Amino acid sequence: MDILTDNQSFMNFRGSKINHKSIGFVPTMGYLHDGHLSLIKQSKLKNEITLCSIFVNPLQFNNPEDFEKYPSNIDNDLKLLTNAGCDAVFLPKNEEFYAKKPVLSFDFGNLDNIMEGYFRPKHFSGVGIVVAKLLNIVKPNEVFLGQKDFQQCLVIKALIEDLNIPTKITICNIVREKNGLAMSSRNSRLSKVAREDASIIYKTLIEAQNLYFANYEPKEIINQIKTKLEQNEKLKLEYFTIADTETLQSYPAWNQYQSGFGFFIALYIEGVRLIDNLIINQK
Ligand code: AMP
């Protein structure tokens, strides 16, 4: 596996031997787990070459402590990527990547005002900047993203469409621990007990789904679930909501969700912020 740590050497690599091959790309922030590796696997199935990037993007952290504490283990990541058959990894250095602080910022309109966008001001602008830079350097045919960060997928889709970036998006399923907890690099910051407690997140999503199948209205489901979670002293709920899978808008009646809907949740356990979702396609 080729390891490239500066823009020029990556672009030289990109412009030479792999130039005429189909390129799949998996952008990550490292501390890799089976969720990331499932994206690599998908990319390898569909493309001749698979490239990965590892970069903890400071611009997308609204909380400096979250950035400081973001886990890292590059040696192990490189082993995992080699074993997974990744062809090359790009490890940009902050000093070069942001040698000049970007003057640009992104506003993703309604997609940016709710859920993650509401609770993490400027987060998606930072995501937009890093993804736009990476796509310009890597120039992939296809980018692989995880449904776990569903709102991020919609934001990147808007970025790609609005700027006519010639890259296809593929969204991959959420990979979970045995207890249902969505895999996340941040899970490593949880104690063993908290990792078990955190299984409540997926259980809650399933419970919401069951209430939907039992013909409860959106508002009733939101109220029931919120009340239950707010009584749980082990966690601090940030949001639980139901939103349209294209616009992320919420509606009072199920038939107003034109393209399907999802249950979306964000909460803190042991001070670690965790997100998850469950998408229901009505059609
Ligand atoms: P991150 O390193 O957390 O920025 O994630 C890099 C990519 O991996 C993003 O597209 C994530 O949505 C995706 N990802 C993270 N966790 C999972 C998971 N449990 N299952 C599938 N994809 C994931």
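Start by selecting Glu142 and Lys46: the two form a salt bridge, with the closest N and O atoms 2.6 Å apart. A salt bridge here is a side-chain nitrogen of Lys or Arg within 4 Å of a carboxyl oxygen of Asp or Glu. The pair links distant parts of the chain, Glu142 in strand 5 (residues 142-146) and Lys46 in helix 2 (residues 34-46), 96 residues apart. Helices (H or I, at least four residues) and strands (E, at least two) are DSSP runs, numbered from the N terminus. Glu142 is buried, with a relative accessible area of 6%, whereas Lys46 is partly exposed at 40%. Buried means under 20% relative accessible area, exposed over 50%, and partly exposed in between (1.4 Å probe, protein chains only).

The model is predicted: local features need pLDDT of at least 70, side-chain atom pairs count only at pLDDT 80 or more, and totals for chains, interfaces and linings use all residues. Residues are numbered from 1 along each chain as its sequence is written, and side-chain values use heavy atoms, with hydrogens and water left out.

**Other salt bridges**

The count comes to 14 salt bridges. Select Arg186 and Asp66 next; their side chains meet in a salt bridge of 2.8 Å, N to O. Arg186 is in the loop between strand 6 (168-172) and helix 10 (192-197), and Asp66 is in helix 3 (residues 64-68), 120 residues apart. Both Arg186 and Asp66 are buried.

Then go to Glu116 and Arg273, another salt bridge, whose closest N and O atoms are 2.8 Å apart. This pair joins helix 7 (residues 115-119), which holds Glu116, to strand 9 (residues 272-280), which holds Arg273, across 157 residues. Glu116 and Arg273 are both buried.

**Helix 1**

Select residues 7-15. The buried residues of this helix are Asn7, Phe10, Phe13 and Arg14. Seen down the axis of helix 1, they fall within an arc of 130°, so they line one face of the helix; the arc is that of the directions from the helix axis to the C-beta atoms. Their cover includes strand 1 (2-4), strand 2 (23-28), strand 3 (49-54), strand 4 (88-90), helix 5 (94-97) and helix 8 (123-138).

**Nonpolar cores**

A nonpolar core is a set of buried Ala, Val, Leu, Ile, Met, Phe, Trp, Tyr and Cys residues joined through side-chain atoms within 4.5 Å. In the largest, of 43 residues, Leu51, Phe97 and Leu248 touch the most other members. Helix 8 gives the largest share of this core, 10 residues. Centre on Leu248: beyond its neighbours within four places in sequence, its contacts (heavy atoms within 4.5 Å) include Leu111, Phe150 and Phe264. Apart from this core lies another, of 28 residues, among them Ala208, Ile222, Tyr257 and Val272.

Gln209 is the next stop, in helix 11 (residues 200-213). Gln209 is buried, at 18% relative accessible area. Leaving aside neighbours within four places in sequence, Gln209 is in contact with Phe263, Leu278 and Ile280.

**The largest cavity**

Finish with Met29, His36, Lys148, Asp149 and Gln152, which lie nearest the centre of the largest cavity among its 48 lining residues. The largest share of that lining, 6 residues, comes from helix 8.

Terms used: 1 Å grid on protein atoms, 1.4 Å probe; cavity = no way out; pocket = protein on both sides within 12 Å on 5 of 7 lines; lining within 4 Å.
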